[in-house]
Amino acid sequence: MPQSSPSDKATQLNQLSFNQLGYNQLSHLAQFERLDSLLMKSRALWQVKAFECTELPWADTFPSLADKVWSIDDADIDALDQQQERLNAELLPALLNDLTNLDDSAANEFICQLALLQQVESQVSTPAVNKAGDELLPSQQASHFSAGIKGRKWQQITSFAAQIKPTNTEVLEWCAGKGHLGRLIAKAHARPVVSLEWQQSLCDAGTEFAQQWRLPQTFICADAFEPHQSKLQAKQQAVALHACGDLHVRLLYLASKANTESIAISPCCYHLIQAKQYQAMSAAAKSSGLVLSRHDLQMPLQQSAIANPKQKAYRHREIAWRLGFDSLQREINQSQQYLPIPSVKQSQLNQDFETFCRWAGVQKSVPIPAVLDFAHYQELGIARQRLTRRIDLVAHLFRRILEHWLLLDRICFLEAQGYHVNLSRFCSETVTPRNFLILAEKSTN
């Protein structure tokens, strides 16, 4: 069969519509299997620890892609990284060119699967918001309820609550904090809410507000990881906005065991787990060959809605200095291993690089000579930072795919427990990139 040219392949991928491959019509399990296959084939590009690298680890296999990322100006990387569709459009033609040049059946299958990068993006790009969250309360009441809550967080709360159907069923708010979400649901829907939170001080603050407003909201100070303290029941709707890692996984296990009739969660921070590796939930994920470390699980989170130039400048400096110190310690310790250092205060970044290195040396017991060309290692750090940004940029082609894989693992698990599950977005990415909503309803038949 004659081979297509690189330009033909790029055109072919761009013309693949969402419905041509029928991804949207597939079951959640079939969707998971397709994404799993793509992630397995692309591991060399995304399952990389950039800080450990001194060169592009895949440059020999993907030379066009290597040339492409080095052609991107440093000043353009952050903006490109924040727009997934633009990132796909910028890098995919070069990757397709490399795959076409490999000229084998595996590469051709990889090319076809890359269409999923665009299909998944098309499927989830438009938030499924039924109504504005601000419509839940009159403006005067909303101002009282939002007092002390940052604007973006309040937008998340109101948008999430707007997706909850107004019924009489009791709501269990999981990992409630001060119960901001629960109090809004209690007020807007006149529904009883039980807010579960392990910190007594937060429970006290939430209780005080609920009593002041005479809300049908009660707080229980309990540990979410203790099954006998979960308070989950069949006739409830369990809700969790941005419950991290093991916390939202625990909710899904306990709620499904209790046959809780409705579950609404927005997962967050997939890497905050007790195990060293990801523990799959569904049968499909358990049978996958994909092994995910905590580092891998951070990749979906590497997209921020906040564009503060000062914060970005500090972040870039911190990374360059960490890598500069790492270059220094590798020479002193005669090591090729990256050496992580503790968290850095912003005030430390206002000092000079030498002070930073001597502090890091004390933290990690690295004997730094009294006289040393610190400027040299600072330049090495800047060069390695330019490298790591490009490694991460390519890895981020697959961050949405990985997050969707994680979401589908949860969805397939719930479906196996007898739930009908819908995946949507509850707000726009400008409010938060963690805007996925899993809404599960217990099947009645």
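Modeller: Buried means under 20% relative accessible area, exposed over 50%, and partly exposed in between, with a 1.4 Å probe and protein chains only. Arg400 counts as buried, because its relative accessibility is 8%. This is a predicted model, where local features need pLDDT of at least 70, side-chain atom pairs count only at pLDDT 80 or more, and totals for chains, interfaces and linings use all residues. Residues are numbered from 1 along each chain as its sequence is written, and side-chain values use heavy atoms, with hydrogens and water left out.

Colleague: With which residue does Arg400 form a salt bridge?

Modeller: Side chains of opposite charge can pair when their charged atoms come close. The cut-off for a salt bridge is a side-chain nitrogen of Lys or Arg within 4 Å of a carboxyl oxygen of Asp or Glu. Here the partner of Arg400 is Glu429, with the closest N and O atoms 2.3 Å apart. Glu429 sits in the loop between β6 and β7, Arg400 in helix α18, 29 residues apart. Those labels are DSSP runs numbered from the N terminus: helices are H or I with at least four residues, strands are E with at least two. Glu429 is partly exposed, at 28% relative accessibility.

Colleague: How many salt bridges does the structure hold?

Modeller: There are 14. One of them joins Arg384 to Asp326, whose closest N and O atoms are 2.8 Å apart. Arg384 is in helix α17 (residues 374-395) and Asp326 in helix α15, so the pair ties together parts 58 residues apart in sequence. Asp326 is buried, at 0% relative accessible area. Arg384 is buried too, at 8%.

Colleague: Which residues have the most contacts inside the largest nonpolar core?

Modeller: In soluble globular proteins, nonpolar side chains tend to be buried together. A nonpolar core is a set of buried Ala, Val, Leu, Ile, Met, Phe, Trp, Tyr and Cys residues joined through side-chain atoms within 4.5 Å. The largest one has 83 residues, and Leu114, Trp174, Phe398 and Trp405 have the most contacts inside it. Helix α18 (residues 399-416) gives the most to this core: ten residues. A second, separate core has 28 residues, including Val193 and Phe426.

Colleague: In what order do the strands of the open sheet run?

Modeller: Strands of a sheet pair through backbone hydrogen bonds, either parallel or antiparallel. Two strands count as paired if DSSP finds at least two bridges between them. Seven strands form this open sheet, in the order β3-β2-β1-β4-β5-β7-β6, with mixed pairing. β3 (217-221) and β6 (419-425) stand at the edges with a single partner strand each, so one side of each has no neighbour in the sheet. Strands β5 (residues 262-268) and β7 (residues 436-442) run antiparallel, joined by four bridges. Ile265 has Ile438 in β7 as its bridge partner.
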